[in-house]
Amino acid sequence: MDRETIARVAKVARLNLTEEEMERYAKDLDDILNSFSIMDEAPAGDTYSFNPIPVVDVLREDEPGQDLDPQVLRAQMGTYEDYVRGPRLS
Amino acid sequence: MSATYDLIRYAQSKHRAFTEIVDDIDDTKFHFSAKDNLCADGFQARAGSAVLDGYRPPFDATPVRRLKQAGGQLVGKTTMDEFGFGTFSTNSAHGVPLNPFDPERSCGGSSGGAGAAACLIPGHIALGVSTGGSISGPASFCGVVGLTPTYGRVSRYGLIDYGNSLDKVGLLSRSASLIAKHFRTIAGPDPKDPTSCAQPVLSGKGKMPGSLAVPKEALQNLDPSILTSFQDALSRFKEMGVEVREVSMPSLRYSLPAYYILATSEASTNLARYCGMRFGRREEELNQHFNDFFTGVRSESFGDEAKRRILLGTFCRMVGFRSRYYLKSLAVRQLLIEEYRRVFGDHDAVVTPTMPFVAPRFEEIGRMKPLEMYGADVLTVPPNLTGMPHISVPCAYVNGLPVGMQMVADHWKELDLLEAASAWERSFIYRFPEVSP
């Protein structure tokens, strides 16, 4: 895996990597993916599902309710005058 | 203070089984612990990651809530690999648990603290979570019983996700009978987790398997002592009147890559939520741009293995590679389910050793490359990938260290596995380390 590819993957994954990390992870991913090439031989068809068992949709009545106290939730985050504080967006 | 509380404190101080424990225990209740990726009111939930330092969920995960309602007291949160990323519990920001049989060795991962707690505290029931073997592995290395239910049998509401199509909440304890009792409590549909709502009702008694299949492909590359121990265990099963037959499951060879591709692909999207705002507090440097802040928090807080798996999963999902890796892995999972079903047509369960070796020393683990570590999951990954229920029981002791044996049944047949484990326990006496807190 070349430097350009690992740098692109890290950017998509929102990770800053040092040069040493970049080199090390590129080598690790190369080793791992080379060993995974055995998958190319697998006689798998086109049938698949995203879960190993059937999954059903579960709907509930659309009724207003409050499971948790908003004050309790706000205590989990940095707030200023009841607004959630965060980094700037622009 | 009670003798049980002394043991809990001992398990925390000497074996680092717990990240947090209660100040006192109520002896009128039964005592259980939860792996630190299960949310519980009154405790931090950090899933072994520094990115979640300070996160205190104001609610209980469904399995925790159900055990409390059944008369249990949550006595502590157990140590684990960061987000479940590991086979030896060495990838944790909050302490590496030490094996009850030899503190220089691993407890297994990623529910390592749960394995240690279950071993060190008689009568204790530990909630663990398995994605690719994180209940069976610690059960094997710590010499306890570990049940991983069918995917969807136990609600994942309140579980900090690793891989949504793979995560299963289960139990570890010293005996199958204790697990059988509490498994009925935590199982069952929960509208808060739709994957739990398609399950058949859990009722009645399990059926003792009359026929066990041993896939010959699973007996390759094992430590010789494991193979000998396993063959002795099979002889014991035969003496119990159980038929044991060798079978071939050629698709097992694809399970490890398919699992790691699916697990890391799912993990790389799940972990996108950790941006330093929503879970775990980061209030410094808010004058940065969001993307810089977000990237900085993740880069500083995620551990080495978490970064490796995020990178691997991100790569496997990228345009141009998705079909070769991700979609192919989904198809391989289907292939394996069909292969298990073919075997279950003639046999009641598949049995293998749980791990290819006994608990390794930390110095040995330090020399392993990532790929070697992934390879240690080769026997636990197939049932996890396919969502099949499985149970690990101690089946031998090599130089004083426990060896685990894993039985796998078809979807929803956990009670048959518990029946088999109970029968096994009547024939084979488990050993536990002597502890004097």
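N399(B) has 8 C-beta neighbours inside 10 Å and therefore counts as exposed. The loop that holds N399(B) runs between β10 (390-398) and β11 (401-408) of chain B. Phi of N399(B) is near 50°, a positive value in a residue other than glycine. This, like everything below, refers to a predicted model.

**Backbone geometry in chain B**

Most residues other than glycine have a negative phi, and most peptide bonds are trans. A47(B) is another non-glycine residue with a positive phi, near 50°. A47(B) sits in the loop between β2 and α2 of chain B. With 32 C-beta neighbours inside 10 Å, A47(B) counts as buried, whereas N399(B) counts as exposed.

Two positive phi values occur after helices. R16(B) follows α1(B) and has a phi near 50°. G188(B) follows α5(B), and its phi is near 115°. The peptide bond between G109(B) and S110(B) is cis, with omega about 5°. S110(B) belongs to the loop between β3 and α3 of chain B.

| Residue | Phi |
|---|---|
| R16(B) | near 50° |
| A47(B) | near 50° |
| G188(B) | near 115° |
| N399(B) | near 50° |

**The sheet of chain B**

Chain B contains an open sheet of 11 strands with mixed pairing, in the order β1-β3-β2-β4-β6-β5-β10-β11-β9-β7-β8. The edges are formed by β1 (18-21) and β8 (243-247) of chain B; each has a single partner strand, so one side of each lacks a neighbour in the sheet. From one strand to the next, the twist averages 30°.

β2(B) and β3(B) are parallel and share six bridges. K35(B) stands opposite T78(B), which is in β3(B). Five of the six residues of β2(B) are buried, so the rest of the structure largely encloses this strand. By contrast in direction, β4 (residues 125-130) and β6 (residues 168-173) of chain B run antiparallel and are joined by five bridges. V129(B) has V169(B) in β6(B) as its bridge partner.

**Helices packed in chain B**

Helix α1 (residues 3-15) of chain B has 13 residues, which at 1.5 Å a residue should span 18 Å; the end C-alpha atoms are 17 Å apart, in agreement with that value. The buried residues in α1(B) include I8(B), A11(B), Q12(B) and H15(B). They cover an arc of only 125° around the axis, which puts them on the same side of α1(B). An α-helix has 3.6 residues a turn, so residues three or four places apart point the same way. Among the elements that cover the buried residues of α1(B) are β1, β3 and α3 (112-120) of chain B. The exposed residues A3(B) and S13(B) are on the face of α1(B) turned away from its buried side.

Helix α2 (residues 62-69) of chain B lies across β2 (30-35), β3 (72-78), β4 and β6 of chain B, at about 145° to β3(B). T62(B) is part of α2(B). With 24 C-beta neighbours inside 10 Å, T62(B) counts as buried. Leaving out residues up to four places away in sequence, T62(B) touches S155(B), Y157(B), G158(B), D190(B) and K192(B). Y326(B) is 264 residues from T62(B) in sequence, and their C-alpha atoms are 30 Å apart.

Helix α5 (residues 176-186) of chain B has A176(B), I179(B), A180(B), H182(B), F183(B) and I186(B) as its buried residues. These pack against α2, β4, β5 (145-148), β6 and α14 (414-427) of chain B.

**Contact between the chains**

The contact between the two chains takes 43 residues from chain A and 53 residues from chain B. On the side of chain A that touches chain B, α1 (3-12), α2 (19-35) and α3 (70-74) of chain A each supply at least two residues. The largest share, six residues, comes from α2(A). The residues on this side of chain A divide into 27 nonpolar, eight polar and eight charged.

Notes. Residues are numbered from 1 along each chain as its sequence is written. Chains are lettered from A and ligands numbered from 1 in the order in which they are written. This is a predicted model: local features need pLDDT of at least 70, side-chain atom pairs count only at pLDDT 80 or more; totals for chains, interfaces and linings use all residues. Two residues are in contact if their C-beta atoms, placed from the backbone, lie within 7 Å. Helices (H or I, at least four residues) and strands (E, at least two) are DSSP runs, numbered from the N terminus. Ala, Val, Leu, Ile, Met, Phe, Trp, Tyr, Cys and Pro count as nonpolar, Asp, Glu, Lys and Arg as charged, and the others, Gly among them, as polar. Two strands pair if DSSP finds at least two bridges between them. Axes are lines fitted to C-alpha atoms, for helices over the stretch in contact, and angles run from 0 to 180 degrees between N-to-C directions. The expected span of a helix is 1.5 Å times one less than its number of residues. A residue is buried if 20 or more other C-beta atoms lie within 10 Å of its own, exposed if 12 or fewer, and partly exposed in between; C-beta atoms are placed from the backbone. The arc is that of the directions from the helix axis to the C-beta atoms.
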